[in-house]
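I opened my notebook to look at how this protein is put together inside. These are my entries, in the order I made them.

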Amino acid sequence: MGRIKLNTEYEFRCGLVTLFWDEGEKEECGYEIQLELRKTNGQYEGLGGWSFGYEDWSQEIWKKWGEYIEKRLKEIDGCQQSLDAFIDELGDVDCCYKLYNEDYQKDDFIEHLKDIEIILQLVN
């Protein structure tokens, strides 16, 4: 993550969940959404990350995806069981903007914008 535009925090029994909105840069994966947990013991755990590049459409889908996650976290309202189910649901959504440069071409495990259609269905 590069340029954090906004972050919002939500408190749960397991710790503090933070939603990061990263505006990104061209040398990175562009617009990104990251979800992170700071456990009650102080350790950090990544809960999810999605990137959308820096195309003409990237900022709009980034905004909608962040708003979708934020809305769902507010609806959960501190319920640990609901959070666990939501994190499992988000874990099934894989969206990474694969940079076409030397470093990222080596990463065969990255599939360019794999689940972008699922994200579009969820946010619309």
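**Entry 1: the core.** I am working with a predicted model. I looked up the largest nonpolar core and found 32 residues in it. Leu35, Trp50, Phe52, Trp65 and Ile69 touch the most other members. I then checked where the core residues come from. Strands E1 (4-12), E2 (15-22), E3 (32-39) and E4 (44-51) each supply at least two, and so do helix H1 (58-76), H2 and helix H4 (116-123). H1 gives the largest share, 7 residues.

**Entry 2: Trp50.** I listed the contacts of Trp50, leaving out residues up to four places away in sequence. Among them are Ile33, Leu35, Trp65, Ile69, Leu90, Val93, Cys95 and Ile119.

**Entry 3: helix H2.** I traced H2 over residues 80-91, which makes 12 residues. From first C-alpha to last, H2 reaches 16 Å, close to the 16 Å expected. Which residues of H2 are buried? I found Gln80, Leu83, Phe86, Ile87 and Leu90. They cover an arc of only 120 degrees around the axis, so they sit on the same side of H2. On the face turned away from that buried side I noted the exposed residues Gln81 and Asp88.

**Entry 4: helix H4.** I found Ile116, Ile119 and Val123 buried in H4. Their arc, seen down the axis, is within 60 degrees, so they line one face of the helix. These buried residues pack against E4 and H1. Glu117 and Gln121 are exposed, on the face of H4 turned away from its buried side.

Definitions and conventions
Residues are numbered from 1 along each chain as its sequence is written. This is a predicted model: local features need pLDDT of at least 70, side-chain atom pairs count only at pLDDT 80 or more; totals for chains, interfaces and linings use all residues. Side-chain values use heavy atoms; hydrogens and water are left out. Helices (H or I, at least four residues) and strands (E, at least two) are DSSP runs, numbered from the N terminus. The expected span of a helix is 1.5 Å times one less than its number of residues. Buried means under 20% relative accessible area, exposed over 50%, partly exposed in between (1.4 Å probe, protein chains only). The arc is that of the directions from the helix axis to the C-beta atoms. A nonpolar core is a set of buried Ala, Val, Leu, Ile, Met, Phe, Trp, Tyr and Cys residues joined through side-chain atoms within 4.5 Å. Contact means heavy atoms within 4.5 Å.
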